[in-house]
Amino acid sequence: MATHSGFYWAFLSAIFAALTAIFVKLGVQEVDSDLATLIRTAIILLVLVAFVMLTGKWSNPLTLTARTWWFLALSALATGASWVCYFRVLKLGEASKVAPIDKLSIVLVVLFAVLFLGERPSLREWSGIAMIAGGVLILAFRR
């Protein structure tokens, strides 16, 4: 991680992702998982609009390049698909069993970064990724 600040934000992201699994598991018990995903998305939209406006970060999105729009749209579609799957599986299974498998995304991010972004993790980083993958497999196939 390049900076102390970067680690701080990444750690907060991990905390919020962990809380997400718990809150989703509790929230989907009495509602269809797809409807729950829609409600969550609407709330996120409202909160982010307020956040961007209050922090003075609003700018005209129509000035963005087509390339930026394209990748943001693909990211939104991937996020939506991930959330639909995540909510559905959390409705069916235990959070402590679902979340570790979901974290296989860490391994996939590294592989995709190598393939599509040209990133080159060090041997030490590959070792850590291999341990994460092994941990996911151990947790996924426990008896």
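The protein chain comprises six helices and zero strands, where helices (H or I, at least four residues) and strands (E, at least two) are DSSP runs numbered from the N terminus. The model is predicted, so local features need pLDDT of at least 70 and side-chain atom pairs count only at pLDDT 80 or more, while totals for chains, interfaces and linings use all residues. Residues are numbered from 1 along each chain as its sequence is written, and side-chain values use heavy atoms, with hydrogens and water left out.

Along the sequence, the pattern of the chain reads α-α-α-α-α-α. Taken along the principal axes, the C-alpha atoms fill a box of roughly 50 × 45 × 30 Å. The chain has 143 residues, of which 14% count as buried; buried denotes under 20% relative accessible area, exposed over 50%, and partly exposed the range in between (1.4 Å probe, protein chains only). Among contacts with a separation of 6 or more, 66% are made by residues 24 or more positions apart, a contact being defined by heavy atoms within 4.5 Å.

The axes of helix 1 (residues 4–27) and helix 3 come within 9 Å and cross at roughly 60°. Here axes are lines fitted to C-alpha atoms, for helices over the stretch in contact, and angles run from 0 to 180 degrees between N-to-C directions. This angle makes helix 1 oblique to helix 3; angles under 35 degrees count as roughly parallel, over 145 as roughly antiparallel, 65 to 115 as roughly perpendicular, and the rest as oblique. The crossing of these two helices is right-handed. A crossing is right-handed if the near helix is turned clockwise from the far one by less than a right angle, and left-handed if anticlockwise. On the side of helix 1, the residues involved are A21, V24 and K25, which meet Y86, F87, L90 and K91 in helix 3. Sorted by class, this contact has five nonpolar, no polar and two charged residues; Ala, Val, Leu, Ile, Met, Phe, Trp, Tyr, Cys and Pro count as nonpolar, Asp, Glu, Lys and Arg as charged, and the others, Gly among them, as polar.

Helix 2 (residues 33–54) also packs against helix 3, with axes that come within 9 Å and cross at roughly 130°. Helix 2 is therefore oblique to helix 3, and their crossing is right-handed. S33, D34, A36, T37, R40, T41 and I44 of helix 2 meet W83, V84, F87, R88 and K91 of helix 3. By class, the contact of helix 2 with helix 3 holds five nonpolar, three polar and four charged residues. Within helix 2, T37 counts as buried because its relative accessibility is 5%. Neighbours within four places in sequence aside, T37 is in contact with W83, V84 and F87.

Helix 3 and helix 4 (residues 95–102) pack at an angle of about 150°, their axes being 9 Å apart. The two helices are therefore roughly antiparallel to each other, and they cross in a right-handed manner. Y86, V89 and L90 of helix 3 make this contact with A95, V98, A99 and D102 of helix 4. The classes represented are six nonpolar, no polar and one charged residues.

The structure also holds three aromatic pairs. Rings of Phe, Tyr and Trp (its six-membered ring) pair if their centres lie within 6.5 Å; planes under 30 degrees apart count as stacked, over 60 as edge-to-face, and the rest as tilted. One of these pairs is formed by F7 and F11, which is stacked because the ring planes lie at 10°, with the centres 6.1 Å apart. Both residues lie in helix 1, four residues apart, about one turn of the helix. F7 is partly exposed, with a relative accessible area of 49%, and F11 is likewise partly exposed at 49%. The rings of F112 and F116 have centres 5.9 Å apart and planes at 50°, so this pair is tilted. F112 and F116 are four residues apart in helix 5 (residues 104–117) and are therefore separated by about one helical turn. F112 is partly exposed at 44% relative accessible area, whereas F116 is exposed at 64%.

Towards the end of the numbered helices, G134 is found in helix 6 (residues 123–140). With 28% relative accessibility, G134 counts as partly exposed. The C-alpha atoms of G134 and L117 are separated by 24 Å, the two residues being 17 residues apart along the chain.
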